[in-house]
Amino acid sequence: MAFDKMELQKIEVWDGNFAAAQALRQCQIDVVAAYPITPSTPIVEGYAKFLSDNYIEGEFVMVESEHAAMSGCVGAAAAGGRVATATSSQGFALMVEVLYQASGMRLPIVLNVVNRALAAPLNVNGDHSDMYLGRDSGWIQLDAFAPQEAYDLNFIAFKVAEDHDIRLPAMVHQDGFMTSHTAQGVYTLTDDEAYGFVGEYKPMNDMLDFEHPVTHGVQTEEDWHFEHKARQHNDLMTKVFPKIQAAFDAFEKLSGRKYNIVEKYDMNDADVCVVCMGTSVETAREVATEMREKGIKAGVVGLRVIRPFPFFEIAEALKDVKAIAALDRSSPNGAPGMLFNEIAGALFNTDKRALLSGYVYGLGGRDLTKAHLVSLYTELQANVDAGKVTTQLQQFIGVRGPKLAFL
Amino acid sequence: MSEIKKVKNLKEFSTSADRFEGANLLCPGCAHSIIVREVLNATNNDLILSASTGCLEVCTAVYPYTSWDASWIHIGFENGSTAVAGAETMYKALKKKGRLKQPEREPKFVSFAGDGASYDIGFQWISGCMERGHNIMHVVLDNEVYANTGGQRSSSTPIGSSATTSPAGRVSYGEKKNKKDMIAIMAAHQIPYAAQVAPNKWKDMVKKIQHGMAVDGPVFINAISPCTTEWKFDPKDTMHIADLATDSLVFPLYEIIDNHELNITYRPKNVIPVEEYLAAQGRFKHLFKDEYKYLIKEWQERVDEKWAYLNRREEARV
């Protein structure tokens, strides 16, 4: 091969963005079409620099908007090769139209989403509003809690998305700034190990196979649209989890790092637990340990896979707890939070329905402090002791002014 | 370098291997299918095609059927150009990596879009593709109206045309703004080739398409596409209307090479009055009322001015 390999240390000090960029390099992406936006820009800048320094053989196209970025990715993926890009926030929102088209056309693009708030008011910091905006788009959504995971999950994403039984695009989420700009030790794979794991791209229905012309992006009306959508949903519901699990298993064999569809922490005997995503998982784990020293049996459940939603895995993880807090880092704007609703749905038909309360936190990059989580776990224990939810079902935490609670 | 296809006469041209099937749902008398066939038949090279949302798209790829015997993609209304640019980028990447399945074949990348999808909603995407220098050809099927959604005005709709969102009425003569000069805007991107074509002048069309496919870099083609439904003329008269358009110089046929060499490629032997072109279409019917006749005079003046301008540019080579 004409490009150069890169010698990596066993442990490199990388932030989440650079970790993702390195993963893209090691996957040898054929085409990246991208548009800059804070805080995801360094991912594609990283790819561009690797290309300039001959660590990649591929094409980078810096287009004129995120909509065009995803449009270019769709065209490139339909042509038949490995495609990735990155975005955040408003850029993600601008891409939304094409996200649905990418998944409906069954194109295995990998999108790194560095989570950031949605305006107005404008805000560059991390929350999960963009992640939530994408949740009905038909993409697989994986969530990294730290730079190491942002690196590893990119390999998982390609492995699953490009599987010919799946052929669905995948997002790898990481928290804006908290993960994307926070440098940590990241255990690396060698270039050969990484590429060996994801494997050579195997095209299917590729436009560049001139002997087999293909029509992409057809019109369907009431006669066929439903069948297409139903089939896509079916594949997400029935095929993706076994493939993700298989990819996790293979990755553990390669790297020694174990991933789970639902990440449980101290859940074996927990009475109270927090369910959350992103960097909050690590904070909650630390506080849970401290709560145990105070006699509260606390646990944490982190969602590694957001879409498809791990309905049964969540119910299983929560089956023995007495009180649960669902933490949503996105303003539900007139409803309970997404996690609250989905956990409620997962538990509703089970025998043991724990007390469930919802918390909205961290909007626009507001810190979720250990003190917040201490009082949250204390509230959950009070719910357990009282045998009912003693607060309102939805509380905003960490917001200035009078306490905000609803429902 | 791919070999340029030799086209001897219309009979041979119209019966050459066809990658766009007659089986489609376009209106009888629609010029779109004629233009598409003329573009595709101008080359023997493999083709990677796109269509932006619009008449052509909804009428040629209705699942489980397709009218396209070449790889084709549709994403949305605004991004057909970028879809093809993405495919062209992948072609370059795979060529570099030695992973093309048929490395000896040299595909041409063509995106088709209506005037709404090009002049309006897709403007930014096309501009991006032109500026970045993708080796693609963007062909506008210019029927001067949003025909697929039932006849709303676009920025290609000419003054005095009655469109559903700028209808002629008791106190209105219809569309108030003149057509955007998209060819000049595209040429200003310093692209190697921009041209206006018409389906009735098929030899001129083939020459321009072949020129466009031979150059390295983005190409912009504006094709007049008389619309029987929205321009309101009899379906059998499509080519007659196209003749009126080119012979009245309402649609002058010219090309701009590298944004400085402008060539007029068709000079009608007998230039007909613009009035004849307008009179043949229902969309301009109201202009023939006494109170709006001044608009016909203005039309003629505008067309004359544009023709004089094109001639000056051709002569000056600027």
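Q: What share of the 407 residues of chain A count as buried?
A: In this predicted model, 55% of the 407 residues of chain A count as buried, where buried asks for 20 or more other C-beta atoms, placed from the backbone, within 10 Å of the residue's own.

Q: Before we go on, how are residues and chains labelled?
A: Residues are numbered from 1 along each chain as its sequence is written, while chains are lettered from A and ligands numbered from 1 in the order in which they are written. Because the model is predicted, local features need pLDDT of at least 70 and side-chain atom pairs count only at pLDDT 80 or more, whereas totals for chains, interfaces and linings use all residues.

Q: How many helices and strands does chain A have?
A: Chain A comes to 13 helices and 17 strands, which are DSSP runs numbered from the N terminus (helices are H or I with at least four residues, strands are E with at least two).

Q: New topic: in what order do the nine strands of the open sheet stand?
A: The order is β9(A)-β2(B)-β1(B)-β3(B)-β4(B)-β8(B)-β7(B)-β9(B)-β10(B), with mixed pairing; two strands pair if DSSP finds at least two bridges between them.

Q: And which strands stand at the edges?
A: These are β9 (215–216) of chain A and β10 (261–264) of chain B, each with a single partner strand, so one side of each is left without a neighbour in the sheet.

Q: How many bridges join β4 to β8 in chain B?
A: Six bridges join β4 (residues 136–142) to β8 (residues 219–224) of chain B, and these strands run parallel; in β8(B), B:Ile221 is the bridge partner of B:Val139.

Conventions. Buried ≥ 20, exposed ≤ 12 C-beta atoms within 10 Å, placed from the backbone.
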